[in-house]
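Me: Can you walk me through how two chains meet in a structure? Keep it short, please.

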Protein chains: 2
Amino acid sequence: MKTFRLNQVNITSEFWNYYLDLIRTETLPYQLAVLKDEIDVDVQAERQDASLPAGKSHAIENFKIAAGLSEGDHFGWFFQDSDAYKWLEAVGYQLQITEDSKLEAAADELIDIIAQAQESTGYLNTYFQLRYPDLKYRQLYFSHELYCAGHLIEGAIAYHQATGKAKILDVALRFVDDIAEHFGWAEGQIQGADGHQEIELALLKLFDYTGKQQCLELANFFIEVRGLDPEFYRKEIVRNVKDGLSSDNPPVDLTYLQAYSQPKHQELALGHAVRMLYMSTAMAKLVQYLDNEELEDACYKIWNDITQRKLYITGGVGSTVHGEAFVGPYDLPNDTMYCETCASIALLYFAYELFKLSPKGEYIDVMERVLYNGILSGAALDGKHFFYVNPLEVDIESCRFNPDKGHVKLERPDWLGCACCPPNFARTISSIGTYIYTQFEDSVSLNLYVASNLVTEDFELRQETAFPNDDSVSVFYKGVSNHLVLRKPYWATEFKVTCRGGDIIAETFDWVTVAVSNEAEIEIVFKQPLLTITANPLVQSTVGKVAFQKGPFVYCGQTLQNPSLDRCRVPKHFQDEYETTLATDLALPYSLVTIPASKVSAWDGLYRFNGDSEVPESMSLHLIPYFLWANQGVSGMRVWFPKEVVDD
Amino acid sequence: MKTFRLNQVNITSEFWNYYLDLIRTETLPYQLAVLKDEIDVDVQAERQDASLPAGKSHAIENFKIAAGLSEGDHFGWFFQDSDAYKWLEAVGYQLQITEDSKLEAAADELIDIIAQAQESTGYLNTYFQLRYPDLKYRQLYFSHELYCAGHLIEGAIAYHQATGKAKILDVALRFVDDIAEHFGWAEGQIQGADGHQEIELALLKLFDYTGKQQCLELANFFIEVRGLDPEFYRKEIVRNVKDGLSSDNPPVDLTYLQAYSQPKHQELALGHAVRMLYMSTAMAKLVQYLDNEELEDACYKIWNDITQRKLYITGGVGSTVHGEAFVGPYDLPNDTMYCETCASIALLYFAYELFKLSPKGEYIDVMERVLYNGILSGAALDGKHFFYVNPLEVDIESCRFNPDKGHVKLERPDWLGCACCPPNFARTISSIGTYIYTQFEDSVSLNLYVASNLVTEDFELRQETAFPNDDSVSVFYKGVSNHLVLRKPYWATEFKVTCRGGDIIAETFDWVTVAVSNEAEIEIVFKQPLLTITANPLVQSTVGKVAFQKGPFVYCGQTLQNPSLDRCRVPKHFQDEYETTLATDLALPYSLVTIPASKVSAWDGLYRFNGDSEVPESMSLHLIPYFLWANQGVSGMRVWFPKEVVDD
């Protein structure tokens with residue numbers, strides 16, 4: 001199994017090219033200007049807490065100060081460095097698909113600064129260098145040093161792959177050497193892992209890219225050492241206090257850190273959602289290189305816990321702002337949830353690694369769900385505003401008055417004090433090409449229907465389609481004898497495949513395998529009807545409610561288009577009565593769906609005792625794809641709609 | 001208008017005497033032992049926050065230390081003193097109705113300690129005396145000095161009224177003199193009010209009890225000065241920092257403190273619920289003595305905001321743990337709410353003051369709702385365990401895993417670090433006699449049906465009834481010509497009044513007025529059918545759901561009796577099919593209600609797309625009065641039940 005390089009996949013999809021161009025021409029220059037503090041933007045704290053850094057980024061200034069190029073103090077989170085690394089990674093992906101000398105020059109300039117900030121030992125973390133040099137590698141429960149190293153590695157690989165320039169990759173490799181010297185099983189080495197997982201998956205990418213055994217071993221070490229001694233983090237705290245290096249003596253929440261036991265013994269998605277999922281991604285990656293049945297089994301159990309019990313219909317995960325975390329099974333509140341953009345991104349990564357491990361349709365289903373909904377909702381259509389939290393239900397007054405919703409923002413801010421999401425969005429969407437096709441031993445799978453050309457040494461494969469705004473895909477193949485495994489999406493009806501120059505040799509409920517040789521043309525047609533989604537009755541927040549999906553898009557209603565949204569009830573049966581219009585009022589065309597619904601009456605006061613039910617008025621409910629919400633100003637919004645209750 | 005003294009009202013009700021006896025014989029001795037740290041109990045923080053004091057009470061020890069009778073440091077909240085004062089108040093009420101030499105001796109002993117703790121100036125607050133003597137009356141935004149003074153006053157009145165012993169009343173009056181010296185409109189006096197209202201209503205009680213004009217003026221001052229200078233609290237903080245007395249420099253949330261404008265200009269229930277309602281109680285009390293149309297108008301507006309938009313069906317108020325506060329209109333989550341026992345108690349007080357001001361049935365309706373539900377739920381039937389937070393929906397796993405519900409406890413703890421609720425429960429229930437009857441100029445209203453004898457100089461009035469476990473009340477009257485105004489509860493059907501020796505002279509939808517002379521016997525009969533409650537559709541948490549009430553009791557289901565509670569759906573029409581049984585398995589007999597319901601099936605996983613609906617199984621739903629929940633061990637619970645949705 002292998003994935004294709006981004007420069008092998010030329011995307012021609014209007015939908016995805018909108019984003020790819022937007023990110024290259026708008027988002028990345030904008031983000032750089034923010035990281036450099038060059039423009040005046042509203043940098044908001046990601047949740048209501050006066051102690052959180054906000055107001056500016058300072059990320060690049062931190063590197064300059066550490067490099068001796070500027071004077072001042074570190075500002076921002078202890079992981080502020082990672083914002084720059086993720087930006088660099090996004091640039092790397094963009095440059096793999098499109099030349100852009102301006103972006104490249106800006107990246108080179110940043111790389112020069114980063115390289116100068118690196119210590120002679122290889123160590124690189126501006127927070128500890130500038131603030132707490134004595135505490136390097138000594139506060140792993142919160143330090144994010146290895147987390148930042150991981151993002152440096154990912155950025156370095158992407159940029160090296162794009163440009164062949166070795167400078168930032170050398171920086172990363174030198175940092176890895178420093179880490180390998182300090183961490184490991186040998187006596188005197190640190191036997192602990194970063195509180196925030198990330199280095200593990202990055203080291204595995206680096207192993208994949210360089211073949212350096214050291215990287216695989218180190219990744220394996222971090223996965224094995226985590227939770228091995230659950231007292232590790234408390235011990236380091238106590239030691240720091242004893243050594244007079246810190247007065248911090250906090251309790252350590254091992255669940256939050258997924259350090260209550262070794263990853264291979266974990267079965268549940270618990271704690272901080274991004275950490276959980278970066279760890280799971282690394283676990284699923286690691287078993288692709290090293291046999292480890294326990295670890296593989298843990299991956300599937302964690303996956304099941306998420307997708308069977310803890311996943312929002314939008315692909316969001318993390319039900320609570322407290323610890324940005326997973327909670328118990330079926331506990332999916334729609335209005336106080338977290339659903340951090342980064343957590344959805346991390347779930348995309350985990351899903352794809354599992355798919356590579358075991359190519360089942362369910363992984364692509366989730367990948368697609370999270371991509372078209374919970375990830376895309378993370379950025380505005382202008383590419384310059386970003387959600388950290390992606391709610392499924394927003395009541396404007398409630399968000400204004402209820403501090404339980406202090407983290408639920410009504411509009412995407414310019415930037416965030418904790419700016420993990422904006423560059424994560426940029427790097428992930430910029431690498432969309434990697435998710436479309438996967439090469440298996442004797443087949444190529446078409447995971448996502450995205451107009452594109454895939455060119456390899458052995459074959460050329462072309463998808464022509466206006467999907468998601470069209471219901472047919474033409475696939476052109478030219479090359480060696482092969483098996484094309486075409487995804488049969490669960491949301492499609494009347495799915496038909498006709499081949500010229502190929503034969504359908506297998507069909508399951510989610511895949512159609514076509515044997516092709518030399519040259520083939522495959523026509524795929526299907527319908528994307530509006531689907532009514534019902535949740536398991538154990539999910540209390542959705543009892544008596546339905547949600548809607550059309551193709552890969554979950555739909556939502558906004559109060560902007562539906563002033564009576566709060567009182568809207570949807571009929572139980574309307575399958576043939578809804579209307580679909582291709583709307584062009586936003587930068588991206590989309591299918592506007594209108595369904596007949598009803599509007600119940602409110603009354604003065606709160607409660608009625610044995611009250612007569614009133615006859616609801618009829619109304620039209622206008623629905624738009626969820627990811628497009630909050631692009632037209634402040635609006636209430638909801639994904640789940642109460643069903644009409646006929647009262648007699 | 002006047003209320004009757006507790007020693008004029010002899011309660012014979014089995015239901016209420018259970019509580020009165022329980023509090024006198026179990027609760028008050030237990031609470032004293034806790035306040036004295038004499039017994040080993042589990043003192044829990046009221047919410048998840050490691051910085052909150054817990055583990056012990058230390059309330060009386062603080063007084064001892066301040067009195068020089070013991071050595072050590074202050075422990076607990078800065079308002080820990082008030083726990084002891086409220087206990088004393090409860091004892092005062094109990095001693096007004098029943099002699100108890102042991103309780104009286106214990107109270108005298110406590111009073112001796114309190115009196116010795118008082119400074120020669122009259123000042124009395126152990127936190128500031130022991131910890132921050134330089135900051136007396138200088139940190140009003142949080143200090144609770146006057147809040148504690150208020151509770152001292154209320155306790156002193158109750159105890160003096162019961163025993164005629166002047167010692168604690170003298171302590172209170174000397175403290176009031178000190179307060180009057182420091183606060184007021186004159187130059188050099190402090191022009192600000194305590195961040196936590198309470199002194200205002202206490203001073204008005206003291207004015208009522210002693211006739212001292214100073215008390216009325218001071219109460220009026222505190223109501224007038226609040227919010228007059230919204231910068232007052234910030235200015236005192238800045239001054240303390242400038243004077244080197246404190247390094248605390250927090251922002252001040254004026255909404256939380258109801259200090260964003262003068263009370264007479266406030267129209268909404270906002271901020272900390274108990275503060276809001278103690279203030280409102282004082283406002284409604286004040287306008288009984290001083291003409292103030294603006295203030296009276298504000299009372300009605302605040303009342304309407306609460307009862308029309310912010311009141312749980314249980315009589316709970318305060319939708320959020322953050323600031324224990326009111327939020328926006330119709331925002332009433334059932335599972336993350338606060339509904340502090342003290343807030344329901346405060347609402348009872350506010351309702352009764354409004355009733356005295358304008359004797360409308362709606363005030364008694366709320367008074368009764370809050371009394372029989374949200375207040376009684378605050379204590380276990382053993383009188384020794386107490387809820388701070390009174391949820392309407394509890395899912396055991398969600399409470400365990402979801403920190404958003406960290407404040408929602410599954411069992412009533414032995415005691416709380418912030419122990420405002422336990423003695424508040426004790427003092428309020430002990431004074432239940434004051435709410436049953438009200439004397440108006442030419443009439444007596446029977447507000448609550450509680451078996452009791454009311455004896456005044458002019459008449460004797462006796463209610464004989466086994467209500468709430470019976471559907472008839474006999475009223476015997478003997479005395480001067482009078483009008484008896486009998487409440488016609490909204491939950492009663494077939495309400496009939498027959499008189500011997502009296503005539504019905506007026507009848508509205510909520511009152512029946514009977515003219516009586518010399519001797520009369522009135523027979524009231526009614527039915528208490530099971531009522532189905534529907535909430536305004538603007539309340540999102542109850543859409544598609546119903547709740548149940550029978551007589552004054554809101555009903556709930558527990559998972560203990562209904563293992564499939566989460567999946568239970570109630571039919572739309574079952575009015576004649578439910579069963580009622582007088583259950584005797586708990587210390588108090590109660591009506592167990594069983595209704596035919598159905599149970600939907602859960603499935604593996606989360607979502608279904610255009611899934612077939614399954615035929616639900618039938619089940620019996622067993623409902624108990626809400627206030628009795630959590631008396632039989634850990635259990636899930638809910639008040640609102642989704643309605644069955646017929647899918648075709």
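Reply: Here is a quick tour of the interface. This is a predicted model, where local features need pLDDT of at least 70, side-chain atom pairs count only at pLDDT 80 or more, and totals for chains, interfaces and linings use all residues. Residues are numbered from 1 along each chain as written, chains are lettered from A in the order written, and side-chain values use heavy atoms, without hydrogens and water.

Me: How many residues of chain B are in contact with chain A?
Reply: 68 residues of chain B touch 68 residues of chain A. Contact means heavy atoms within 4.5 Å.

Me: And how much area do they bury?
Reply: About 5,100 Å², with 57% of it on carbon and sulfur atoms. Buried area is the accessible area (1.4 Å probe) that two parts lose on being put together, summed over both.

Me: Which three residues of chain B supply more of its buried area than any other three?
Reply: B:L606, B:Y607 and B:F609, with 14% of what chain B buries against chain A.

Me: How many salt bridges cross the interface?
Reply: The rule finds 0. It looks for a side-chain nitrogen of Lys or Arg within 4 Å of a carboxyl oxygen of Asp or Glu.

Me: New topic. Which strand of chain A pairs with β15(B)?
Reply: Strand β21 (residues 607-609) of chain A, in the antiparallel sense over 3 bridges. Strands are DSSP runs (E, at least two residues), numbered from the N terminus. Two strands pair if DSSP finds at least two bridges between them.

Me: What is the bridge partner of A:Y607 there?
Reply: B:A535, in β15(B).

Notes:
Helix = DSSP H or I, 4+ residues; strand = E, 2+ residues; numbered from the N terminus.
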